[in-house]
Amino acid sequence: MGDGSRYVIRGARVLSQDPEVGDLDRGDVLVEGSTISAVAPDLGEVDALEIDGTDRIALPGLVDTHRHSWQSLIRHISTDWTLPQYFSGVRGVFGRLYEPEDMYAANLLAMLDALDSGVTTIVDWSHNNNTPEHADAAIQAVLDSGIRAVWGYGNSNDEWLPISDVPQSRDVVRIAGQWFSSGTGRVRLALAPRGPQFATKEVTLADFGLAAELDIPVTVHVGDGAWGKGLPVRWMHEHGLASERTTYVHCNALADEEFDIIRDTGGAVSISPELEMHMGHGRLSALRALDRGIPTSLSIDTCASVAGDMFSAMRAVLAGSRYLVNVQALDDDRAVDPLPITSVDVVRCATQGGATGAWMGDAVGSLTPGKRADIILVRTDTWGMQPLNYPAGAVVESGHPMLVDTVLVDGRVVKRDGRLVDHEFGRVRKLAEDARDRLMAKAGIEHPGRWLPPVYENK
Ligand SMILES: [Zn+2]
């Protein structure tokens, strides 16, 4: 709970995401222990360690509500693959080759990549838990990283072959007791079941029953690609599975009535804009969710294909959502005015929207006195940021991980002066490269960048 220190961030541009605090052209943020205790234009003299906020934009830590962190070892390998190639390569080849130590290396790298880029909360959509030891190693890495996380327990590699009739492993009951007995720590537990698109209806009912038994929230893929057209959310609602503790990932092909169900049952949406556009998931669902007032969050999905920073996701959802509207208007000989989504909207999606989608909306997501101190400072004293006219536009359009100067998680400084404090890059890089080399050797792949997976067979 914090590092016991008091910090005051002095003189930053503040995008608080709290309607009462608002945006401040110059603001101070006081952190006491793990908590934000005050945000104001000038806090005057306080007894606290100073963090200079000059030429910095202060934001709540960014939130990624869906990342398959275990895939960081095969980073960029599927950047030019189709969705069937992704399933064939990742599921058919790599997933089963992971040992627990590979899960550890992958998750540690993924979490530190996230922290370095200003992601302070992540939903680790962990769906390669081939043995209990795989799960334990993945959780250990999340804890060791220092990030705030929801660890989403998903199925083993083999159980992801659609349409699976194998129920979720009850190892999650052991995991809940062994790792998450408090339920309120920095790393929490959710269930990440395959859902109605990838498992039989009977198995889906059983999987959601497991979440209810453990009293944990659920994150589930729905509405992606051709699979998503079968009204999965309507089916879930008919069977009592749609609730305020469900976050729906992708949602591209859902029907209007399904978005209404999500709104009426209090659920949240997670959009992985860049990945969805690359891999043919369908139209981005941000506008349909935002128009209904559904808590809308952003996610990376997989660093096997796309970058792990939320600036990329913010840019992608802003451009992609406008593209849909602008192209339609052009086809209809209409003008678009005003634009249907703004950079202010997408910063909110990446902060408070994400916190709500990760079931922590009351604890993080805004710079609000009383909330946990998850804060980032983004540099603006750079060629691409000056002159600084519109901070939200600057964050979305010109933000990138190298500009993230300072990161606090739960009141602890985990990145300062552009460097992670607790982790040595060379050591983690070697862990990850060694694990990658083992994987490639086992797969018989000499040049990962030139390798294409075999044609996917749904065995
Ligand atoms: Zn996913």
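This is a predicted model: local features need pLDDT of at least 70, side-chain atom pairs count only at pLDDT 80 or more; totals for chains, interfaces and linings use all residues.
Visitor: Is the crossing of H11 past H12 left-handed or right-handed?
Guide: The handedness belongs to the way H11 passes H12. In this model that crossing is left-handed.

Visitor: Which residues in H12 meet H11, and how many charged residues has the contact?
Guide: From H11 come Ser343, Val344, Val346 and Val347. Their partners in H12 are Ala392, Gly393, Val395 and Val396. By class, the contact has six nonpolar and two polar residues, and the number of charged ones is none.

Visitor: Let's turn to strand E14: how many of its residues are buried?
Guide: E14 spans residues 375-379 and is mostly covered. Of its five residues, the number buried is four.

Visitor: Which residue in E14 stands opposite leucine 59?
Guide: Good one to find on screen! Strand E5 (residues 56-60) runs antiparallel to E14, joined by five bridges. Across from leucine 59, the residue in E14 is isoleucine 376.

Visitor: And what stands opposite leucine 377 in E15?
Guide: E14 is also joined to strand E15 (residues 404-409) by four bridges, and these two run antiparallel. Opposite leucine 377, the residue in E15 is threonine 406.

Terms used:
Residues are numbered from 1 along each chain as its sequence is written. A crossing is left-handed if the near helix is turned anticlockwise from the far one by less than a right angle, and right-handed if clockwise. Two residues are in contact if their C-beta atoms, placed from the backbone, lie within 7 Å. Ala, Val, Leu, Ile, Met, Phe, Trp, Tyr, Cys and Pro count as nonpolar, Asp, Glu, Lys and Arg as charged, and the others, Gly among them, as polar. A residue is buried if 20 or more other C-beta atoms lie within 10 Å of its own, exposed if 12 or fewer, and partly exposed in between; C-beta atoms are placed from the backbone. Two strands pair if DSSP finds at least two bridges between them.
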